[in-house]
Amino acid sequence: MTSITPVESRPDGDASGASPLAPNYRPLPVTLASGSGSWVRDVDGLMYLDMLAGYSALNFGHRHPGLIAAAHAQLDRLTLTSRAFDHDLLLPFAAALTELAAPVVVGTPMMLPMNTGAEAVETAIKAARKWGYEVRGVAPEQATIVVAANNFHGRTTTIVSFSTDEDARRGFAPYTPGFRVVPFGDVDALRDAIDETTVAVLLEPIQGEQGVVVPAAGYWPAVRALCTEADVLLIADEVQSGLGRTGTTFALELWGVRADLVTLGKALGGGILPVSAVVGRADVLGVLTPGTHGSTFGGNPLACAVGIAVVDLLRTGAPQARAAELGRHLHSRLHTLRESGLLEASRGVGLWAGIDVDPARMSGRELCERLLRHGVLAKDTHGATIRLAPPLTIALDDLDLAVDRLALALR
């Protein structure tokens, strides 16, 4: 699949209430029906190159044969037991994932399986608070967690309580207390926010929703040092950045930093079903005793089968190496567009880029609509910014084709 058929823009879905679907999204005017690798086909048979990859949930492309085979095999055996009973893949999945994450976790890791990325973050928050009360001795109901401005960790009530995005936050009060927001990348502000009530610092290694914002080289080592000095937990949200996207298995490896807890999701489910987990220190996750936390579907047999297959792909190092190599090529080409004046800015690492256009010329939404007409799928965020996150399996020719079409759309 190496050709693109230009398409005409279609009207957005009906948000008036006539549709049975709640209007909490404003998708681009295309209805997809099938996909393979980096390509998808719509209901009219037109082909599109996917440069979003489900916000990194499709790191291995659409219908990766190894992942699909693992899912099919498990569908014929057992799909759900609930955690009331063990099954034969739960411990193997835990062993595989903790081994993979060991280089970025302090001490000997343990894992707790959940479903969505937001659930993984909620689990980490609960574990950190309980650890703070039971181990650190923080006064009851006084635990605080320091977070970054412009964060994105999910859309639950607790998580939007510390969001600085008014679209995500407005209308959902009263908000959950116990969070302090500081600027991302500001070590001094983080230091000032930590006190005797602080149990954790929760950060994305790279802020994806904000437009793939990569902090300065010294930021993460300084954050780790602050957390160690103050005896507070460092929680790294690798739901979007983890599992190969940055050219490393985990983004934390870019700075040689280990976290106390790491949240994972999206790509862990191979683009097949929701799979998430918290991986971290056994003495922290160990405070979650029977009855204190759970999930009916978390760690189900089908999820474990796919998760093990994902870990097997990453064990080879091939997806990470491919993301690093193709990422250098992508960022070089985006730099050329920036130098030519077509882009205001570009940034990122691996096969992950945020690009800014001049808002006087067009919005990010308009650029995505133009790209759609050229047969390329991308997603805008925050005004005049769009994100590019193709499958790590994308062919070089297809990556070049996407950038060529981006240049056409910008002109």
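What covers the buried residues of α2? I opened the predicted model with that in mind. The cover includes β4 (109-114), β9 (261-264), β10 (276-281) and α9 (301-315).

**Helix α2**

Next I listed which residues of α2 are buried: Leu90, Phe93, Ala94, Ala96, Leu97, Thr98, Leu100 and Ala101. I also checked the length of the helix. α2 covers residues 90-101, and at 1.5 Å a residue its 12 residues should span 16 Å. The end C-alpha atoms sit 17 Å apart, so that agrees.

**Strand β5**

Then I went to β5, residues 144-148. I found 5 of its 5 residues buried, so the strand is largely enclosed by the rest of the structure. I looked at which way the side chains go: Thr144, Val146 and Ala148 point one way, Ile145 and Val147 the other, and all are buried.

Which strands does β5 pair with? I noted β7 and β6. With β7 (residues 198-203) I get 4 bridges, and the two run parallel. Val146 has Val201 as its bridge partner there. With β6 (residues 179-182) the sense is also parallel, over 4 bridges. On that side, Ile145 stands opposite Phe179.

**Cysteines**

How many disulfides does a search of the whole structure find? I got 0. I looked up two cysteines anyway. Cys227 comes out at 1% relative accessibility, and because the cut-off for buried is under 20%, it counts as buried. Cys368 is at 0%, so it counts as buried too.

Conventions. Residues numbered from 1 in each chain as written. Predicted model: local features only at pLDDT ≥ 70, side-chain atom pairs only at ≥ 80, totals over all residues. Heavy atoms only, no water. Expected span 1.5 Å × (residues − 1). Buried < 20%, exposed > 50% of the residue type's maximum accessible area, 1.4 Å probe, protein only. Contact = heavy atoms within 4.5 Å. Disulfide = S-S within 2.5 Å. Pairing = 2+ DSSP bridges.
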